[in-house]
Amino acid sequence: MCPFDPIAEYKAKTKKSAEWFQIAQRHLPGGVTGNVKFYPPYPVYLKRAKGSHVWDLDDNEYIDYMLCFGPLILGHGHPKVMDAVRKQLDRDGTPIFGAPHELEARMAERLKQIFPFADAVRFTNSGLEATLHALRVARGAKKKARFAKFEGAYHGCYDEALVSLAPGLEIAGPEASPVTVAGSYGTSESAIRNVQVLPFNDIENTERILRAHKDELAAVIMEPVQRGFVVPDIEFLKAVRETTSELGIILIFDEVMSGFRMEKLGGACTSYGVDPDMICLGKIIGGGFPCGAFLGKREIMDMVNPVTRGKDERVFHGGTFNGHPTVLTAGMATLDVLAEPKTYPYLNKISDKLRDGLNDLFSRSGFAAEAVGPCSTFNIVFTKDTISDYRDAARCDSKTRQKFDFGLLARGFHFHPDKPFYTCTEHSEKDVDHTLKTAEEVLRKMKS
Ligand SMILES: Cc1ncc(COP(=O)(O)O)c(C=O)c1O
């Protein structure tokens with residue numbers, strides 16, 4: 001019998017993607033427009049999508065669990081989103097006015113209803129911009145340059161946010177006092193100096209470090225659910241909230257990923273009942289178009305207010321495409337569907353069915369593996385240990401995960417190898433049954 005070689009199967013099935021990869025590399029470094037989109041030997045190049053399914057250049061059909069790394073919570077081309085966008089373009093006669101328009105304040109009001117701790121909103125064009133501007137506002141408000149972030153957290157791809165994103169464990173320092181490590185070649189010294197790194201899910205050491213640096217820190221920025229799947233201990237979240245309040249440090253929740261992907265409308269702050277001072281959103285609020293937003297308490301958000309603050313005492317916030325009408329239209333239509341009473345119960349049901357089904361398969365097949373994550377996002381980790389921070393995740397068996405991933409990719413399931421799975425309201429029971437049946441076959445082959 002031939003040994004199981006899922007990468008060879010993948011290559012045999014995706015010949016046109018392999019060819020296009022060669023062409024794309026002539027023009028784009030690595031054949032992609034962002035490194036996250038690359039995976040070896042080459043990524044699948046897609047050409048069409050509908051609902052929970054996508055098609056590649058070879059006309060292979062896949063059930064999509066990548067969903068653009070999260071935004072497409074209603075699947076591809078949801079009719080209500082598509083209709084709303086077409087109508088907006090026809091009605092307004094332009095994709096964008098460039099001047100203020102009504103939808104900006106309406107969408108801001110909508111987001112404030114969902115995140116009631118927030119008094120004001122500003123839009124951006126990406127999650128990256130949301131965290132960048134939120135941090136600048138916090139620094140302006142506190143008149144301090146440094147901020148703290150947790151090891152392993154992603155807040156966008158600028159120097160300071162990338163610090164200690166995925167440090168090699170051999171250079172990351174002690175678990176209790178992580179060392180500040182540049183996240184990219186070319187990172188400036190000042191970016192490293194400006195960031196204090198904290199250990200996720202570790203109350204005692206997080207508090208100790210915050211107290212030691214309290215006079216320098218403007219803000220703590222954190223993903224309450226790290227990388228979409230490392231869930232926080234609720235006591236840890238509460239402790240971060242209490243300590244930052246006591247020390248006068250602004251707490252920013254980066255919910256670009258976890259926003260609207262918990263079990264109900266809202267974010268991790270809603271589900272865990274812990275309010276930050278500011279929240280960053282992205283992904284889902286653009287309904288498949290580029291979008292971000294930062295929200296916060298009045299006194300903090302007023303730092304950018306040109307009515308109440310003079311030029312020399314306010315924080316700069318700009319962006320040609322901020323609050324883009326088409327983007328906000330798609331986002332509003334998405335929120336409308338998410339707010340329907342049946343949406344989250346269905347999304348939870350289908351997500352649980354997939355996650356629990358995979359976990360059942362792992363235990364029946366004797367693999368030390370788990371599908372971990374709170375709701376409609378989860379990751380698959382090959383380990384017998386509990387995942388409570390970046391280091392636990394980094395120690396997982398990535399070779400076995402790679403076999404599992406390519407076994408599924410070669411059999412018609414689209415997701416990014418080694419990254420989380422995302423579910424959407426268009427995933428059907430049939431999709432999930434088919435996924436589980438195929439995952440069982442792949443696991444059997446991995447054993448043989
Ligand atoms: C938690 C978090 N913050 C920020 C970002 C950056 O968002 P964007 O890719 O829209 O710039 C991401 C992207 O994955 C994210 O997951």
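Met-257 touches Phe-69, Glu-223, Arg-227, Gly-228, Lys-283 and Tyr-422, leaving out residues up to four places away in sequence; contact here means heavy atoms within 4.5 Å. This is a predicted model, so local features need pLDDT of at least 70 and side-chain atom pairs count only at pLDDT 80 or more, while totals for chains, interfaces and linings use all residues. Residues are numbered from 1 along each chain as its sequence is written, and side-chain values use heavy atoms, with hydrogens and water left out.

Met-257 sits in the loop between E8 and H10. Helices (H or I, at least four residues) and strands (E, at least two) are DSSP runs, numbered from the N terminus. With 9% relative accessibility, Met-257 counts as buried; the cut-offs are under 20% relative accessible area for buried, over 50% for exposed, and partly exposed in between (1.4 Å probe, protein chains only). Along the chain, Met-257 and Tyr-154 are 103 residues apart, yet 9.6 Å separates their C-alpha atoms.

Phe-260 is found in the loop between strand E8 (250-254) and helix H10 (268-272). Its relative accessible area is 1%, so Phe-260 is buried. The backbone of Phe-260 has a phi near 70°, a positive value in a residue other than glycine. Most residues other than glycine have a negative phi, and most peptide bonds are trans. Lys-143 also has a positive phi, near 55°. That residue, Lys-143, belongs to the loop between helix H5 (127-142) and strand E5 (146-150), and at 73% relative accessibility Lys-143 counts as exposed.

A cis peptide bond turns up between Pro-40 and Pro-41, with omega at about 5°. Pro-41 lies in the loop between H2 and E1.

On to the aromatic rings. The count comes to 16 aromatic pairs, where rings of Phe, Tyr and Trp (its six-membered ring) pair if their centres lie within 6.5 Å, with planes under 30 degrees apart counted as stacked, over 60 as edge-to-face and the rest as tilted. One of the 16 joins Phe-21 and Phe-38: the ring centres are 5.9 Å apart and the planes stand at 25°, so this pair is stacked. Phe-21 comes from helix H2 (residues 15-27) and Phe-38 from the loop between H2 and strand E1 (46-50), so the pair, 17 residues apart, links distant parts of the chain. Phe-21 is buried, at 8% relative accessible area, whereas Phe-38 is partly exposed, at 31%. Both belong to a cluster that ring pairs build from Tyr-10, Phe-21, Phe-38, Tyr-39, Tyr-42 and Phe-406.

As for cysteines, there are zero disulfides, a disulfide being a pair of cysteine sulfur atoms within 2.5 Å. Cys-157 is in no disulfide, and the nearest cysteine sulfur, that of Cys-68, is 14 Å away. Cys-280 is in no disulfide either; for this residue the nearest cysteine sulfur belongs to Cys-269, 11 Å away. Cys-280 has 0% relative accessibility and counts as buried.

Glu-160 lies in helix H6 (residues 159-162) and is buried, with a relative accessible area of 15%. Apart from neighbours within four places in sequence, Glu-160 is in contact with Arg-139, Phe-147, Lys-149, Ala-191, Asn-194 and Val-195. Ala-333 is part of helix H12 (residues 325-339) and, at 7% relative accessible area, is buried as well. Not counting residues up to four places away in sequence, Ala-333 touches Lys-80, Val-81 and Ala-84. Between Ala-333 and Glu-207 there are 126 residues of sequence separation and 41 Å of space, C-alpha to C-alpha.

The second largest pocket holds about 200 Å³ of space. On a 1 Å grid over the protein atoms alone, a pocket is an open set of points where a 1.4 Å probe fits, with protein on both sides within 12 Å along at least five of seven lines, and lining residues have an atom within 4 Å of a point. Grid points are joined across faces, edges and corners, and the volume is the space filled by probe spheres set on the points. This pocket is lined by 13 residues, with Ala-120, Val-121, Arg-122, Arg-298 and Asn-305 nearest its centre. Helix H4 (102-114), strand E4 (120-124) and helix H11 (298-301) each give at least two residues to the lining, and E4 supplies the largest share, three residues. By type, the lining splits into seven nonpolar, one polar and five charged residues, with Ala, Val, Leu, Ile, Met, Phe, Trp, Tyr, Cys and Pro taken as nonpolar, Asp, Glu, Lys and Arg as charged, and the others, Gly among them, as polar.
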